[in-house]
Every structure is written in C-alpha cells, then in structure tokens.
Amino acid sequence: MSGRLNGKVAIVTGGAGPIGSAIAKAYAAEGAQVVVADINAVDGVDFVETDMKDREQVKAMAKAVADKYGKIDILANANGIYFSKPFLECTDEDWWNVMDTNLLTDIYAMWEVLPYMIEAKSGAVVNIASKIGANRPNNEAAFQSFASGALVHVSKCINMDMAKEGIRVNCISAGITEDAIEAAPLWKNFIDPGVIPMGRTMKPEEVAGAAVYLASDEASFVSGALIEVDGGWVGGEHMTARDC
C-alpha cells in the first residue's frame, strides 16, 4: 500500500460487518490508526464496543478515541442491515429497526464526531448507503430504500454545513454483495447482466477502495458527492421481468 492515510485517526462504525471490516482493514493498510465501533470486535484494529443505536454510548466512544489519540480525522459509517419485505406486511417494529440501524446510527456518529473535526478545522466523513434506495426504488424494499435515500440526502445537507469548517462529507452507494443475497434472496435476480452489466456481486473490498479515496487527501476538493460502486447498475431501465 502507499500510505495514503499515514498519521490519520479513523473511526469505522459498523466495522464488524463485511463492508465495515473491509474498510477498517483498508484504512489500516494505508497507514491510519483505526478504531472500530461496533458490538462485535474486529481483529487487527483498535476496538471500542459500542451500541450505535445508543447515543450516549456513541458519545462516550467518540470521546474515548479523541482522548486517546488527540484527534479524529476520518469517520466511516458502515452501519446497516438488509431488509426485504412486501410493504403491506411491514410492521411498526420493522420501520424503527431499519431506520434506527441504517440511518439514525450514522446521524448519532456524525453528531458526536463532527465537533472534534470542527475543532481541528479538518476531517472526512464517508457514509455507506445501499444501492437499494440510494437513487432508485425497488419492490419489497420500501423501508430499506427510504433509509438509504435519506442517508444520501442528509449527507449532502450536512456537507453544506461542514464544508466551510474544512470537513468533507461524502457518500458511497454500494451494490449487491453475497451476504445481501443471503439475507434477501429476491435480490439474487439483480445479478442478471441486464441489471448489473458486470454480471456479478460486489466484493466488500471494492467499496473499501472508494472509501480510502474519499478519506484521503487525493479527494481534498470532493465533498457532497455520491460515488456509486455497483458494477454499472445505473438505473431502472436495466430492470428485467426476472425481478418480479
């Protein structure tokens, strides 16, 4: 690796999941001091056990990192669950579980970490949204779509507040991974080359590469952006009858 993140302190929330752990490992390989905030540990990096749905725990985690390392340069939010269910079968409990896990956790993280970045007048935030909903609707994915779409929009809005503070806020729209298909078998139809031109699922490491770029000085003038890592899955015109 080239050491693009040498000297940086990075927090990866949801860092025990497939995408989060790939980002954490990629950041560490590029020279960053990485702290994973999750309820499950990740080997090879610092770890702070944190229930990201509990704002007080998130606040304590951010303070612990800032106290230990003296700063927080990077925040990558990779929290999330896969959720697929016909809309009329969804419940109140489903709604709050998806919103709390896929959206509110990232907002808590930004609320508690951004003040440290503002104090330093620099920082980079990378939020991971799902392609399911980030910029297109899908059947049996109303709640997942809403949460991802909201995360993209709130990231762009927060960018407008933070850019003047020297802080960049960007978002990645991630495609379908093997574990997503295991969680939601309906999504296996999206692998059809008519939907994903590359005709395969995404590897978590492919999202991590984009997350490294957005966290690095190479992206010093990139803020408020949405980078799509999805194998060319560009829009609804690629849908086929097999999706139904």
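Helices (H or I, at least four residues) and strands (E, at least two) are DSSP runs, numbered from the N terminus. This is a predicted model, where local features need pLDDT of at least 70 and side-chain atom pairs count only at pLDDT 80 or more, while totals for chains, interfaces and linings use all residues. Residues are numbered from 1 along each chain as its sequence is written, and side-chain values use heavy atoms, leaving out hydrogens and water.

**View 1. The whole protein, element by element.** Here you have seven helices and seven strands. Starting at the N terminus, they come in the order β-α-β-β-α-β-α-β-α-α-β-α-α-β. Of the 244 residues, 50% count as buried, meaning under 20% relative accessible area with a 1.4 Å probe, protein chains only.

**View 2. The sheet.** Seven strands make an open sheet, paired in parallel and ordered S3-S2-S1-S4-S5-S6-S7. At the edges sit S3 (46–49) and S7 (226–229), each pairing on one side only; two strands pair if DSSP finds at least two bridges between them. On average, neighbouring strands are turned by 20° against each other, direction ignored. The axes behind such angles are lines fitted to C-alpha atoms, for helices over the stretch in contact, and angles run from 0 to 180 degrees between N-to-C directions.

**View 3. Strands S1 and S4, with helix H5 on the sheet.** S1 (residues 9–13) and S4 (residues 74–77) run parallel and are joined by four bridges. Look for Val12, which stands opposite Ala76 in S4. Helix H5 packs on the sheet and touches S5, S6 (167–174) and S7, with contact meaning heavy atoms within 4.5 Å. The direction of H5 makes about 160° with that of S5.

**View 4. The largest pocket.** A pocket is an open set of points on a 1 Å grid over the protein atoms alone, where a 1.4 Å probe fits, with protein on both sides within 12 Å along at least five of seven lines; lining residues have an atom within 4 Å of a point. This one holds about 660 Å³ of space, and its lining has 36 residues, with Ala78, Asn79, Gly80, Ile81 and Thr101 nearest the centre. H5 gives the largest share of that lining, four residues. By class, the lining counts 18 nonpolar, 14 polar and four charged residues.

**View 5. Lys121 in its loop.** Lys121 lies in the loop between H3 and S5. What is the phi of Lys121, which is not a glycine? It is positive, about 60°. Most residues other than glycine have a negative phi.

Conventions
Points joined across faces, edges and corners; volume = space filled by probe spheres on them. Nonpolar A, V, L, I, M, F, W, Y, C, P; charged D, E, K, R; others polar.
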